[in-house]
Amino acid sequence: MAAKVKAVFIRLRFFLIAVFFLCLKTYVLYKLGFQIQTDNLLQEVLLLMNPISSAVLLIGISFLFSGRTRNLLVVILSFVGTCILYFNLLYFRFFNDFLTWPVLFQTSNVQDVQGSISELVRWGDLILLIDILVLLFILIKKEVPLQLRGKREPVLLLGVTALLFTLNISVAQLERPQLLTRAFDREMLVKNIGIMNYHLYDIYVQSHSKAQRVFAESTDIDEVVRYRNENYKEPNTEMFGIAEGKNVIVLSLESLQSFVVNETIDGEEITPFLNQLIEESYYFDQFYHQTAQGKTSDSEFLVANSLFGRESGSVFFTHAGNEYNSLPEIVSGEGYYTTVMHANNKSFWNRDMMYLQFGYDKFYDITSYIVNEENSVGWGLKDLDFFEQSIDLLKTQPKPYYTKLITLTNHFPFELGEDDKLINEFNSNSGTLNRYFPTVRYMDYAVEHFFERVKEEGIYEDSIFILYGDHYGISEYHHKAMSLFLGKEKLTPFDHVQLQRVPMLIHIPGHEPQVSHTVSGQIDIKPTIMHLLGIDSIADVQFGSDLFSEERQSFTVLRDRSFITDEVVYTKGLCYDKSSELETQIENCEPYFEKVKLDLDFSDKVIYGDLLRFYQ
């Protein structure tokens, strides 16, 4: 018996070595690359266990072949597994998240993100190829016996894989009951079932969402409409229609977070103009971005539709053919000329297709601007030049108009020439955070120039201005450096949620400034603009509410199902008291669980089922 076991081991030695290396590499990346924390021994056992079944399945594909082909496939499939791990690592370094299939199919973005990817690659990453080189060395030395294909091998392999995965799931369910119903928490899935198995599960989830449109019925929208009607908030009568007939100019400020507002670096204000503009505007200091993997495209979707973006991927790619009742289309029906100005490729984020669905009259993309090496940095045209050239475009538009301008300079990896640096870099172990402050300062300077120019051109008095940060710029990956800037020893999940606040200003010339502390988010912008223009939103399917409404609930939900109220913050399964910033009893957060679920689930139902095609 022992001799037979030894013979089997010798025959499968090359395969087992490859599986061992891939599992070891996965575990090391869990701890050092993805920084997955464990709270108990069972979680640590799961991290060690969960790569096994997927590694056996992936490399076991070689069992379908024999001879040199099988041995070569062991190496190739090990490399494929390494690539899956590495692509996730690169993505995690910026987004602090794991890849999903919709993200992988956003191929039209690849060329534009090359600069960002090069910033994330490190020489030390080459260590991930050591096992591949070892396997190649063994193969070249011909120390691997040639294998004949056994008829039962693939079946036995599947059986072993199923057994290992069942064991993994059983242990994971002990640690985290109802695990596979919590697909919105990707870190939890990876921690419990493994990164490879997570990707297989993600394929299932995405296929299921695709099928929802096919099986959707016209009556499915009725329940959503009832929920919307129950939660509709009447507009503030004093604010309703005060901007009727005025131009609406929306500034989407790239990667701008609220932690820079009224702060300094070496005694110099980071956002001097925004600080001044806040003193002349309606400012919402408890306003949160609600984006997920779609980042800027998510913020555009939220603002245009008052619907949440997808939990994974980008609606701009996955549901660009849906029927929407978007803000540009609505105001166009009121006589507004609607445009977007963004000096980037029209196909990036699939904007050229999605803007048609939103009802924009014109998209001024990179072809509408003069872009050269002198006026470009990082992702393209510098903000100062972008705003200056956009003024000429604004002047040609019929009035009134609704125009959104999307900035670029303050984009990861936050590159800026020395001549444009108006403030010093921060000093920390994070180059990303250090460079962030000068690019924010430059964007602030460019926005100041824009306001000077609209005043010079006589545009200012006939317009209202909405300015907001589109999403975070500094991810959780840089928390250690961020804690240094904030003067905290260590950032908690509560702090992370608070860092998702972004500036939100509504500037109406001649109006008295006012600071609002209502908890709110990007989903509230659409009904707010509609009511300012005197457009009733009661019949619109939307999940936000007017920021000025006296009936609105001080509440907002993030795409990962975290939520914030005046009293509590809920995130990662923990409830925090907002005043003390300390963890409190979960019962204090439970009254909001149902609303969070319904808001996100009904919004998803509208998108996945394309339900607005049934709604008049």
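Hi everyone, let's start with the overall make-up: the protein chain holds 22 helices and 19 strands, where helices (H or I, at least four residues) and strands (E, at least two) are DSSP runs numbered from the N terminus. Its radius of gyration is 26 Å, close to the 25 Å from the globule rule for 616 residues, so the chain is as compact as a globular protein of that length. That radius is taken over C-alpha atoms, and the rule is 2.2 Å times the number of residues to the power 0.38.

A quick word on the source: this is a predicted model, local features need pLDDT of at least 70, side-chain atom pairs count only at pLDDT 80 or more, and totals for chains, interfaces and linings use all residues. Residues are numbered from 1 along each chain as its sequence is written, and side-chain values use heavy atoms, leaving out hydrogens and water.

Of the 616 residues, 57% are buried, meaning under 20% relative accessible area with a 1.4 Å probe, protein chains only.

Which strands pair with β1? One is β11, residues 463-469, parallel over seven bridges, with Leu 253 opposite Gly 469. Another is β10, residues 401-406, also parallel, through five bridges; there, Leu 251 has Leu 405 as its bridge partner. Pairing here requires at least two DSSP bridges between two strands.

Conventions: Buried means under 20% relative accessible area, exposed over 50%, partly exposed in between (1.4 Å probe, protein chains only).
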